[in-house]
Amino acid sequence: HLSAGFTSVFRPTILALPCLILLALYPSNLSTDAVGSLLIIYCAISSCLFIYRDNKAGRFVAYLGHHSLTLYLYSPIFTFACKPLVPFLSFDPSGIVFLILSLSICTIGSLLTHQLILYAVHILRTFTKHIGKRTH
């Protein structure tokens with residue numbers, strides 16, 4: 001029987017990132033039945049593993065993963081709050097500037113709002129006090 005670990009198949013490397021960008025530039029690779037789409041998936045996983053292996057980036061990604069429910073709960077509020085920015089960003093027809101700005105506002109706003117509410121209501125202390133305790 002064959003057994004191979006996940007990281008023996010997907011090697012964490014920075015070289016996967018430029019390959020991912022080059023493959024994504026050609027729309028024919030974005031089709032689900034193209035071989036290029038498989039290579040895009042392979043390069044995306046390999047580059048993510050490389051980024052996650054870095055201590056600072058890995059801690060940041062782990063922090064976002066730990067607080068993902070917060071992002072799901074509060075991001076619609078901040079997305080709605082970013083809508084008035086659309087006329088000011090009309091100089092960019094692609095919408096990339098709005099995407100980057102609204103994503104940053106939504107992420108930071110969601111995490112800060114969640115933390116402020118939990119600290120204000122003292123719920124965070126209750127949750128952290130009971131984490132790790134076993135019940136018999």
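## What covers helix 3

Helix 2 (16-24) is part of what covers the buried residues of helix 3. This is a predicted model. Those buried residues are Gly-36, Ser-37, Ile-40, Cys-43, Ser-46 and Ser-47.

Helix 3 itself spans residues 35-53, 19 residues in total. From first C-alpha to last it reaches 27 Å, close to the 27 Å expected at 1.5 Å a residue.

## The chain as a whole

The chain has seven helices and zero strands. Read from the N terminus, its elements run α-α-α-α-α-α-α. The chain holds 136 residues, and buried residues make up 22% of them.

## Helix 2 against helix 3

The axes of helix 2 and helix 3 come within 8 Å. They cross at roughly 150°. Angles over 145 degrees count as roughly antiparallel, and helix 2 and helix 3 are therefore roughly antiparallel to each other. The crossing of helix 2 past helix 3 is left-handed.

On the helix 2 side, the contact involves Ala-16, Leu-17, Cys-19, Leu-20, Leu-23 and Ala-24. On the helix 3 side, Gly-36, Leu-39, Ile-40, Cys-43, Ala-44, Ser-46 and Ser-47 take part. By class, the residues of this contact between helix 2 and helix 3 are ten nonpolar, three polar and no charged. Ile-40 and Cys-43 of helix 3 meet helix 2, and both are among the buried residues of helix 3.

## Helix 3 against helix 4

Helix 4 covers residues 55-66. Helix 3 packs with helix 4 at an angle of about 105°, and their axes are 5 Å apart. The range of 65 to 115 degrees counts as roughly perpendicular. Helix 3 and helix 4 are therefore roughly perpendicular to each other.

Helix 3 contributes Ile-51, Tyr-52 and Arg-53 to the contact, and helix 4 contributes Asn-55, Ala-57, Gly-58, Val-61 and Ala-62. The residues of the contact of helix 3 with helix 4 divide into five nonpolar, two polar and one charged.

Ser-37 lies in helix 3. Its relative accessible area is 13%. Buried means under 20%, so Ser-37 is buried. Setting aside neighbours within four places in sequence, Ser-37 is in contact with Asn-29, Ser-31 and Thr-32.

Pro-27 sits in the loop between helix 2 and helix 3. Its relative accessible area is 63%. Exposed means over 50%, so Pro-27 is exposed. Pro-27 and Ser-37 are ten residues apart along the chain, with 9.9 Å between their C-alpha atoms.

## Arg-11

Arg-11 is in the loop between helix 1 (6-9) and helix 2. Leaving out residues up to four places away in sequence, Arg-11 touches Tyr-42 and Ser-46. Ser-46 also belongs to the contact of helix 2 with helix 3, and Ser-46 is one of the buried residues of helix 3.

The C-alpha atoms of Arg-11 and Phe-50 are separated by 8.1 Å. Along the chain, Arg-11 and Phe-50 are 39 residues apart.

Conventions
Residues numbered from 1 in each chain as written. Predicted model: local features only at pLDDT ≥ 70, side-chain atom pairs only at ≥ 80, totals over all residues. Heavy atoms only, no water. Helix = DSSP H or I, 4+ residues; strand = E, 2+ residues; numbered from the N terminus. Expected span 1.5 Å × (residues − 1). Buried < 20%, exposed > 50% of the residue type's maximum accessible area, 1.4 Å probe, protein only. Contact = heavy atoms within 4.5 Å. Axes fitted to C-alpha atoms, helices over the stretch in contact; angles between N-to-C directions. Parallel < 35°, antiparallel > 145°, perpendicular 65-115°, else oblique. Left-handed = near helix turned anticlockwise from the far one by under 90°. Nonpolar A, V, L, I, M, F, W, Y, C, P; charged D, E, K, R; others polar.
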